[in-house]
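Here is a short briefing on one structure. Look over the sequence and the model first, then read on.

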Amino acid sequence: MKAGDGSAEAKRRAGHAAAEAVEDGTIVGLGTGSTAAYAIEAIGRAVENGLDVHGVATSAESAQLARECGIALTTLAAVDGVDLAIDGADQVADGDLIKGGGAAHTREKLIDAAADRFLVVVDDSKLTETLSWPIPVAVLQGAESVVADRLRDLGGEPTLREAERKDGPVVTDDGHLVIDCDFGEVDDPEELATALSAIPGVVEHGLFVDLADEIYVGSADGVDVLR
Ligand SMILES: O=C(CO)[C@H](O)[C@H](O)COP(=O)(O)O
């Protein structure tokens, strides 16, 4: 499940601009998705030119790309903290995000929230007035039907995410299932985030409320940084 239809050039601009914020000797959270991939590739080129960083990957996909780009990897458990994280988003409204189009939002939230500075990289198709994209909810295997009932109680329309090129549901890097839950327009993201987190069986949801420090928005004209 993927949001938006932004141009590759807009994504590239946002990713490359954010990568310039990476400083020597730092620990960098490496996001997941096509826009974050541009940032990872740019960091990799800087590493080739002598930049010394260690990456903490938010997914198997970003770990693989980081290795291909020559970025040394570490883990959250092995470091004192993360200096900077760069990650994509599926929708952005008033600084809040919906993430999880790549089913990586559990580790993404862990690492992005742990970072001293969290930079979001998106193309301008992701910006909206009010969050309304179906919210990805990672659930324990076996909990999907009871969690779906609780999501309906909250006014949502849950759909278990089906895999492509595999029979059955999507299974995340950490072995969880993903329910995409349509709540229509989310007027109070903080209230909904709290309610989702309180459901037994929910591992993590894709509402990222008040976590982003800067949002790099790529477009046909260049990059705007929203703070
Ligand atoms: O949250 C994510 C993965 O779980 C991605 O960051 C999000 O889906 C955006 O991806 P893309 O940059 O390819 O549009």
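**Annotated site and ligand shell**

UniProt, in an unreviewed entry, annotates E108 as "active site". UniProt positions follow the numbering used here, feature names are shortened, and annotations may be inferred rather than shown by experiment. The model is a predicted one: local features need pLDDT of at least 70, side-chain atom pairs count only at pLDDT 80 or more, and totals for chains, interfaces and linings use all residues. Residue numbers start from 1 along each chain as its sequence is written.

- E108 sits in helix α4, residues 105-114. Helices (H or I, at least four residues) and strands (E, at least two) are DSSP runs, numbered from the N terminus.
- E108 is buried, with 31 other C-beta atoms within 10 Å. A residue counts as buried if 20 or more other C-beta atoms lie within 10 Å of its own, exposed if 12 or fewer, and partly exposed in between, with C-beta atoms placed from the backbone.
- Leaving out residues up to four places away in sequence, E108 touches G31, T32, T58, D87 and K99. Contact means that the C-beta atoms, placed from the backbone, lie within 7 Å.

**Ligand shell**

- The ligand has 20 residues around it, of which G33, T35, G88, G101 and G102 come nearest. To be near, a residue needs its C-beta atom, placed from the backbone, within 6 Å of the molecule.
- Helices α2 (34-48) and α4 are the elements that give two or more residues to this shell. The most come from α2, with three residues.
- By class, the shell has four nonpolar, 11 polar and five charged residues. Ala, Val, Leu, Ile, Met, Phe, Trp, Tyr, Cys and Pro count as nonpolar, Asp, Glu, Lys and Arg as charged, and the others, Gly among them, as polar.

**Open sheet β5-β6-β12**

- Three strands form an open antiparallel sheet in the order β5-β6-β12. Strands pair if DSSP finds at least two bridges between them.
- β5 (91-93) and β12 (207-208) are the edge strands, each with a single partner, so one side of each has no neighbour in the sheet.
- β6 (residues 96-98) pairs with β12 in the antiparallel sense over two bridges. L97 has F208 in β12 as its bridge partner.

**Strand β10**

- Five of the six residues of β10 (residues 177-182) are buried, so the strand is largely enclosed by the rest of the structure.
- β8 (residues 135-139) pairs with β10 in the antiparallel sense over five bridges. V139 stands opposite L177 in β10.
- β9 (residues 157-160) also pairs antiparallel with β10, over four bridges. L160 has I179 in β10 as its bridge partner.

Note on methods: Contact = placed C-beta atoms within 7 Å.
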